[in-house]
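Hi everyone, thanks for making time.

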Amino acid sequence: MAAFHELVRAALPRLTADNYRITSRASWEYNCIAWALGLTDAWWWPVPGRYWPAGVLWEETVAAFVAAFATLGYKPCAGTDLEPGVEKTALFARDETPTHAARQLPSGLWTSKLGPSIDIEHSTPEVVGGGGYGEMVAVLARKAVT
Amino acid sequence: MSRTTTPEPASLSAQFQALANQWKAETALLSSTSALVAHPAYQAIIGLGPRVIPLLLRELEEEPVHWFEALKAITGEDPVPPEHWGRIPAMAADWLAWGRSRGLI
């Protein structure tokens, strides 16, 4: 596990021993996009052979990903502050290509699925940026689903 | 049912495992299927050709590693119906059924 922490921190240099923790086992069955939407039953990506919602452009652009999130009720919002009754996700991109998404938990902490690896809980969305995932490019919100 | 395939040469198995381990390590944090498939080690596995198919299927039996694009590229076939796209256990089951029907596993 120490080696995995080393790998994670090398790729995502803002992560430190104090701002994240591992919360699941690794899984090839879902990715960060699904997890940001609260789903674990599919791997979302706009390529043939992976799930992508009907009616959304099959392209790796921020606009297409925002549209994919919109199919489940998410709309762009201003900030990442915790708001009661609101679920927020943050979309990351590198060179304008989407790379990652994270989801805010009711506690105000954030959760991310790292590729086919583990889920982590992290202090802010920004701490998974600055490396392989690039930077946060959109914050999306919807009324909490009970 | 007995298996009718001949054992792969040890060197092929070692080569495959080395490439697979490299691919998994270097893509461990990637969600992008495009990036996963474009990785040089994944492309090198495709380059090993049909001999590697039983190895890919055997790994799929263990866990649903995303060998689907490699299998599709090597075989020129795709047993996964669009309604299973992204449903990884179903995609693995489709490919395993394909392999079993051909005596490859």
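Let's start with chain B, which reads α-α-α-α-α-α along its sequence. That comes to six helices and zero strands, where helices are DSSP runs of H or I with at least four residues, strands are runs of E with at least two, and numbering goes from the N terminus. The radius of gyration of chain B is 13 Å, close to the 13 Å from the globule rule for 105 residues, so chain B is as compact as a globular protein of that length. For that number we use C-alpha atoms, and the rule is 2.2 Å times the number of residues to the power 0.38.

Before I go on, the ground rules. This is a predicted model, in which local features need pLDDT of at least 70 and side-chain atom pairs count only at pLDDT 80 or more, while totals for chains, interfaces and linings use all residues. Residues are numbered from 1 along each chain as its sequence is written, chains are lettered from A and ligands numbered from 1 in the order in which they are written, and side-chain values use heavy atoms, with hydrogens and water left out.

Back to chain B. Its C-alpha trace spans about 40 × 35 × 25 Å along the principal axes, and 48% of its 105 residues count as buried. Buried means under 20% relative accessible area, exposed means over 50%, and partly exposed is in between, with a 1.4 Å probe and protein chains only.

Which helix is largely enclosed by the rest of the structure? That is α4 of chain B, residues 53-62, because seven of its 10 residues are buried. Among them are Ile53(B), Pro54(B), Leu55(B) and also Glu59(B). The buried residues of α4(B) pack against α1 (10-26), α3, α5 and α6 of chain B, with contact meaning heavy atoms within 4.5 Å.

Two of those partners also pack on each other. α5(B), residues 68-75, and α6(B), residues 88-101, meet at an angle of about 35°, with axes 11 Å apart. The axes are lines fitted to C-alpha atoms over the stretch in contact, and angles run from 0 to 180 degrees between N-to-C directions. On the α5(B) side we have Phe68(B), Leu71(B), Lys72(B) and Thr75(B); facing them in α6(B) are Ile88(B), Met91(B), Ala92(B), Trp95(B) and Trp98(B). By class, that contact has seven nonpolar, one polar and one charged residues. Here Ala, Val, Leu, Ile, Met, Phe, Trp, Tyr, Cys and Pro count as nonpolar, Asp, Glu, Lys and Arg as charged, and the others, Gly among them, as polar.

Now chain A, with three helices and seven strands, in the order α-β-α-α-β-β-β-β-β-β. Buried residues make up 50% of chain A.

Last, the cysteines. How many disulfides does a search of the whole structure find? Zero, over all chains, taking a disulfide as a pair of cysteine sulfur atoms within 2.5 Å. Cys32(A) is buried, at 0% relative accessibility, whereas Cys77(A) is partly exposed at 26%.

That's my tour; over to you.
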